[in-house]
Amino acid sequence: MTVESTAARKPRRSSKRTSAVKTTAKTPAETPQSSEPELVQLLTPEGERVEHPDYQIDLTAEELRGLYRDMVLTRRFDAEATALQRQGELGLWASLLGQEAAQIGSGRALRDDDYVFPTYREHGVAWCRGVDPTNLLGMFRGVNHGGWDPNTNNFHLYTIVIGSQTLHATGYAMGVAKDGADSAVIAYFGDGASSQGDVAESFTFSAVYNAPVVFFCQNNQWAISEPTEKQTRVPLYQRAQGFGFPGVRVDGNDVLACLAVTRSALERARRGEGPTLVEAFTYRMGAHTTSDDPTKYRADEERASWEAKDPILRLRTHLEKEGTADEAFFTALEAESEALGKRVREAVRAMPDPDRMAIFDHAYADGNPLVDEERAQFAAYQASFADSAEEGK
Amino acid sequence: MAMEKMSIAKALNESLRKALDTDPKVLIMGEDVGKLGGVFRITDGLQKDFGEDRVIDTPLAESGIVGTAIGLALRGYRPIVEIQFDGFVFPAYDQIVTQLAKMHARALGKIKLPVVVRIPYGGGIGAVEHHSESPEALFAHVAGLKVVSPSNASDAYWMMQQAVQSDDPIIFFEPKRRYWDKGEVETDSIPGPLHRAAVARTGSDLTLVAYGPMVKVCLEAAAAAQEEGKSIEVLDLRSMSPIDFDTIQTSVEKTGRLVVVHEAPVFYGSGAEIAARITERCFYHLEAPVLRVGGYHAPYPPARLEDEYLPGLDRVLDAVDRSLAY
C-alpha cells in the first residue's frame, strides 16, 4: 500500500450511496463533502458479502458470531448507561449508538500487546480490550476520572480534551519503535478533533519519526451540533497524504471492513512502515452526550437514512442468510444482554462515593508538603463535625 | 572529590550528560537541541555523543513536543524536553496543564509521568517580544506540577539531576540571563532536597526572598545595605512549587521583616502566595507588612525599557527601606 494507491483510489461502490451530509452554505467553490468518496466495504447494508481488491477477510462462523455478540452486548451496555443517566445514576453519558462496527471491528483487529489511546466514547473498544464495562462508568457517575490501570489491558484512560491523546499515542509509538518491539499503537478520535492542532501535530510527529501508530478517526458526522463540513473542506482520510502517509476511508458501519482495514494498518505499522489514518465513515445515532438534543440541529430524515445502514442489523441479516447462526444463538445472546444490563445497573447503584480524603490522593507521585498540610487541615475540619455529633451538640 | 568552576550553562550541560549516561531511558527532546546544541547551547555535544535516538530534534510544535513526551513517559522513558523560550511554552500549555499535570491522579496513581520541561526564562538579555517572560506562577498554580529554578551553577547541576529522577512532572525554569555566571560545582557531594529553600546570606534585620535570576540582585542589595549598617538575610527559594515555607518562617521569626522579589508581575504572582502564607504563620513576629517587588501589570516591555521593568538594586533597596521604616 502506498500513499498514492490509497489516496487516489477510484470509487468502487459509491453508486448506490446517497449523501448523508447536508451542505448548509453552498459556495461557488467546490463542496467536497457533498459528494461522498468511495469507502472500503465488505458487507453491504443488505447483508451481502462483497470483495475488495485491497482488503480481504476470511472469518470462521464462530468469529462472525463473536463480532455480532460484541456489537450486541456493547449496544446493550450503552443503552443501559443511557437509561442510568436518565434515572439520575450517572451525571453524563456519551453514547456510542451507531458506532458499534467501527469500534468492534477496529478493537478486534488489535493484539494484546498493542496499546490503545481512546477518547471518551470508546466503550466498544474497551469491551474488546477486556476492560470491565462497569469500570467505564465511574467517570460518568463522578466517583473518579477513570479509575482503571491503563497497563492492565493496554487501554489508556479516556481523554476528554479533544485530540490530546493522539500525541500521547504517537509518543508511545515512538517508544515502541525505540524498544524494538513489533507491537502497534492506535489512537481514536472524532471528526471534530480532526480540527485540533494536536491531531495535526501528531500526524507530523508520527510521519517524521515513522511511528507505529494507527489513527482511527470515527467520523460520525457531528461534533456536538457542528457537521463535518464545519471541520473540513476535504474528506478527512485525504489529510494523511499531505503528511506523507496513507489514509483510507472505510464503511464505519461494516464491522468486517473495519476489522480488515485496521488489521492491515496495524500490520503496516508493525512492519516499520509508519502511520496510517483510517477514517471510519459512520454515524452517531444519538446525542453527543446526554446533555444535548440532536433534534435541535439535525433532520429526522438524516437519522432515518443511517438507520438503514445499521451495523448490527446488517451482520444479523448476513448471519441469518448464510445460516451462520441459528435461533438458539440469538435467543441465548438476548438473555446474555439482559444479564449484562442487570449487572451494569446493579454495579452502578452499588458504586460507593469515594472516601472524601481521596481528594488529596495521587496529586503527586513523590508527595508534596502543601498537599500534606491541606489534607491534615481538611481531616481536622471533618473531625470537628464528628466531635460535635458525638457530643450531641 | 570533584570541584570545578563552571557557568550555569555548562553545569546544565554536564548534568544532562550525566543523566543520559546514567539512565538509558532518559531522552532529550526539543527544537534545535541536536547539532546546534540548543539556541543557548545547553545541549551542546550531547547528540554527537548519545545519538539522534537519545537527543531528538523535534518538529517546531510545542504541544507536539510535550504531548509525545507524555506518550514516551507512559512507555517507560524519562523525557527532558526543551521549550526554546518562556513565551513559546503556551502552545504546550494545554498538554502540560490538562494532561501532564493530571494523568497520575486520573489513573489513581497507577501511572507516573517523569517528564522535565526545561524553560529558559526571564528578561535582561535585550531580546524581542516573547523571549523574556516569567510565567512561573501560571504553572505553580496547577496541582500536579512542581516548579523549580536554580540561581547558581551548583544548583543548576544538582537540581537537574533531582528533577530527572523525580516521578512527578517538573517545570524547570532556567534563568537565562545568568547562564554565563560561573560558580563552584561539587559534582560528588550529595545535595539537599530539590524543594528546600537555601539561606544564601545570613542577616538579622530583614529577610529577602528571591529565586532564579533575582537571587543575585538580592545578594547585591544585601551587600549594599550592609554598608549602611543593615543586616539582610537572603533566601534562595529554589522551588516555587512546593514552597519551603518552613525555611522562610524560621528566617522571618528572626528578622521580623520580609520582602519578596521576582521578575514576574507582582499581581497574582508567587510573592502574593508567600506574603499571605507568611502573614498567617508569622503574624505576631512581623514588624512590617510583607512587601513585594516585581514586574508591573503590563506586557513585558521592549528591550530598551526592560531595565525599568525589572527589579534592580535600587527598587529592592527602596522596599527594604520602606519595610524598615515601619
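**Notes on the two chains**

1. Starting inside chain B: E233(B) counts as buried, because its relative accessibility is 3% (buried means under 20% relative accessible area, exposed over 50%, partly exposed in between, with a 1.4 Å probe and protein chains only). Its side chain meets that of K254(B) in a salt bridge, 2.5 Å from N to O (the rule being a side-chain nitrogen of Lys or Arg within 4 Å of a carboxyl oxygen of Asp or Glu). The pair links distant parts of the chain, with E233(B) in strand β11 (residues 232–236) and K254(B) in helix α9 (residues 245–255), 21 residues apart. K254(B) is partly exposed, at 46% relative accessibility. Helices (H or I, at least four residues) and strands (E, at least two) are DSSP runs, numbered from the N terminus.

2. Ground rules before going on. This is a predicted model, where local features need pLDDT of at least 70 and side-chain atom pairs count only at pLDDT 80 or more, while totals for chains, interfaces and linings use all residues. Residues are numbered from 1 along each chain as its sequence is written, chains are lettered from A and ligands numbered from 1 in the order in which they are written, and side-chain values use heavy atoms, with hydrogens and water left out.

3. A second salt bridge in chain B joins K176(B) and D86(B), at 2.6 Å from N to O. K176(B) sits in the loop between β7 (170–175) and β8 (182–186), and D86(B) in the loop between β4 (78–82) and α4, so the pair ties together parts that are 90 residues apart in sequence. Both K176(B) and D86(B) are buried.

4. How much area is buried between chain B and chain A? About 3400 Å², with carbon and sulfur atoms giving 58% of that (buried area is the accessible area, 1.4 Å probe, that two parts lose on being put together, summed over both). P59(B), R75(B) and R106(B) supply 18% of the area that chain B buries against chain A, more than any other three residues. The contact takes 46 residues from chain B and 41 residues from chain A, contact meaning heavy atoms within 4.5 Å.

5. On polar pairing, the interface has 19 residue pairs in polar contact, both at pLDDT 80 or more. Such a contact is a pair of N or O atoms within 3.5 Å; within protein, one must be able to donate a hydrogen and the other to accept it, and residues adjacent in sequence count only if both atoms are side-chain atoms. On the side of chain B that touches chain A, β3 (55–57), α3 (62–74), α4 (93–100), α5 (103–106) and α10 (270–282) each supply at least two residues.

6. Just after α3(B), G76(B) takes a positive phi of about 110 degrees.

7. Five salt bridges cross the interface, and over all chains the count comes to 46. One to check is E373(A) with R281(B), whose closest N and O atoms are 3.6 Å apart. E373(A) lies in helix α13 (residues 369–390) of chain A and R281(B) in helix α10 of chain B, so the pair joins two chains. E373(A) is partly exposed at 27% relative accessibility, and R281(B) is partly exposed too, with a relative accessible area of 26%. A network of salt bridges links E373(A), E374(A), D246(B), E273(B), R277(B) and R281(B).

8. Over in chain A, is Q103(A) buried or exposed? Buried, because its relative accessibility is 0%. Q103(A) lies in helix α3 (residues 100–107) of chain A, and a polar atom of its side chain is 2.9 Å from the backbone oxygen of R121(A). Leaving aside neighbours within four places in sequence, the residues in contact with Q103(A) include L96(A), E122(A), C128(A) and Q218(A).

9. Last, L313(B), which is in helix α12 (residues 313–324) of chain B. L313(B) is partly exposed, with a relative accessible area of 32%. The C-alpha atoms of L313(B) and C218(B) are separated by 7.3 Å, though these residues are 95 apart along the chain. Not counting residues up to four places away in sequence, L313(B) touches V217(B), E220(B) and A221(B).
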